[in-house]
Amino acid sequence: MSKLVITGGNRLTGEIKIHGAKNSVLPILAATVLCEGTSVIHNCPMLSDVTASINILKFLGCQCDFKNNTATINTNTLKCSQIPERLMREMRSSVIFLGAVLGKCGNAVISSPGGCELGPRPIDLHIAALKKLGAVVKEKYGQIELSAPNGLNGAEINLAFASVGATENAVLAAVTAKGVTVINNAAREPEICDLAEFLNLCGARVYGSGTDTITVFGVENLNGSTHTVIPDRIAATTYMAAVAITGGDAALSGINPSHLTAVCSVFEEAGCGLKYSNNKLILSAPKRLSRVSTIRTTVYPGFPTDAGPLVLAMLSKANGTSVMVENIFENRYRYVDELKRLGAKIRVEGKVAVIEGTSSLSAAGCKCTDLRGGAALVIAALAAKGTTVISDIKHIKRGYECIDKRLSLLGADIKEI
Ligand code: EPZ
C-alpha cells in the first residue's frame, strides 16, 4: 500500500502544467461507445478512474490503447453485454456508461451504485431521465436493468436537481434517440460543454450546453473523432492551494481561467495575486493568507463542492476564521478529522465548517478518506512542521496524475514510498 511522505516548509515556486479534466474524459470515453470507428482523445490524464473506464470499454469489446495522455478507442468489435459488477464497483462514475450503452445496445445492466466516500450516491435522477426517453427499468438482486426494446424517443426532461451525471446520461441517451429532447434544469459545468463538443464533432446535434436548457436533435449514427480534453479545474485549484499555503509564487499552464472565476475570487480575497497571461495563471501568495467571507458550495458557475476540501485546508493556516457551507454532498467533511491531526482547528456542524486559522500546523500520520479529502491532507502537509505520512493514497491516484512529481517540480519535499 503506497504512501506519500511530505516534509513541510518549502515555498513552492516554478511552473507546472495542469492535466486534462477527469470529470470530462470519463463521460467522453463512455460516449465513444455510441460512435462507429475510432475516437482519439488527447490530454487524457493517466488516472486510475480513466484506466477503469478503459477496462469497461475493453470488456464491452472495444479495441483500446491508452498511453502518453492519448486514449484511442475503436468500437468496431463492440459486443453489447452487461458490465460486470467488479468493473462497475471500481468507480462511482461508471454509472455514466448507462446512457451510452442503452443508446447503443437498447439495454444496459449496472449494479446499483453503493454509497461512496461522499455519502449515498443515488441515481434516481438518472433513471427518471432515461425513463422519460422510453427506457423500461427493472431492479433486482442489487442490479438495475434498463431496456428500450423499441429504441429511445426524444422527450422533455425536467431534472429535479442540476445533477452533472444525470445531465450527461440524458444527453448520451438522447443523441441517437428518435426526435428532439429538451433537458430543463441541466447542469452547466464546463465538462458538460466538453462532452457536447465531442459529441457534435462525431455528428451529434447538441445545443445549449453550458446553459440550464439543453436541446438534442437525435441523429441516426455517430462517427468517432479526435478531441482534446479541457484542463482539470479542480486539479488546478489543488495546485493553487498548495502554492498559496506555502506563501509561494508559481505559474500553472494549460488552465482555462473562465472555468475558475468563483475559485479565483476566493484566492484573491485570501490575499493572493493572480495574473493570467499566455495560457498561464501566475499566483503570488502572501506570507500568510487572510480569512475569507463565508464560502457556499453550489452548482456551476458557483464555488464547486470539489474545491471545498482544497480551500478549507489552505485556510487552516490563514489569519482569522473562515466559514464554509457544503450544499452538495452529505458527508463531504469526512477528511476534517484527519486534517485536525495536523493541528487544524476546524469545527463541523452539519453542512457548516468553521475554520479557525492557526499560525502553525504540525506533521502527523494520516489517511485519505476520499479523493479531494486526500488532496486536502497533501496541501496541509506542505505547510506543516515536520514530516507527514499520508496512507491510502489510492484515493488520490483516482484524480491526480503524478501529484508527487508535479509538487516536487515546484520545490516540495514529497515522495511516494
Ligand atoms: C460529478 O458527480 C463529479 N463526478 C463529482 O466529482 C462532483 O463533485 C459532482 O459532479 C458535483 O459537481 C464526475 O463528474 C465523475 P451530481 P455526480 O449528480 O454527477 C445528488 C470528484 O471529486 N444526486 O451533480 O455524481 C447527489 O447525491 C467527484 O471528481 C441525487 O440525489 O454529481 C449529490 O448530493 C466527486 N440523485 C448531488 O446530487 C441523482 O440521481 C450532486 O450530484 C444524482 C445526484
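How many nonpolar, polar and charged residues does the shell around the ligand have? In this predicted model, the shell has ten nonpolar, six polar and seven charged residues.

**View 1. The shell around the ligand.** Of the 23 residues around the ligand, those that come nearest are D124, L125, S163, D306 and I328. Helices α1 (22-31), α5 (124-132), α6 (164-174) and α12 (371-381) each supply at least two residues of this shell, and the largest share, three residues, comes from α5.

View 2. A nitrogen atom of the ligand lies 2.7 Å from a polar side-chain atom of D124, while an oxygen atom of the ligand is 2.6 Å from an N or O atom in the side chain of D306. At V164 a polar backbone atom takes this place, 2.9 Å from an oxygen atom of the ligand. On its own the ligand has 820 Å² of accessible area, of which the protein covers 86%.

**View 3. An open sheet of four strands.** The strands follow the order β2-β16-β18-β17, and their pairing is mixed. Because β2 (13-17) and β17 (273-277) stand at the edges with a single partner strand each, one side of each is left without a neighbour in the sheet. On average, and with direction ignored, neighbouring strands of this sheet are turned by 15° against each other.

**View 4. Strand β2, its partner and a helix across the sheet.** Strands β2 and β16 (residues 249-253) run parallel and are joined by five bridges; K17 has S253 in β16 as its bridge partner. Helix α8 (residues 233-245) lies across β2, β16, β17 and β18 (280-284), and runs at about 170° to β16.

Definitions and conventions
Residues numbered from 1 in each chain as written. Predicted model: local features only at pLDDT ≥ 70, side-chain atom pairs only at ≥ 80, totals over all residues. Heavy atoms only, no water. Near = heavy atom within 4 Å. Polar contact = N/O pair within 3.5 Å; in protein donor to acceptor, adjacent residues only side chain to side chain. Areas by Shrake-Rupley, 256 points an atom, 1.4 Å probe, with all protein chains shown as cover. Nonpolar A, V, L, I, M, F, W, Y, C, P; charged D, E, K, R; others polar. Pairing = 2+ DSSP bridges. Axes fitted to C-alpha atoms, helices over the stretch in contact; angles between N-to-C directions. Contact = heavy atoms within 4.5 Å.
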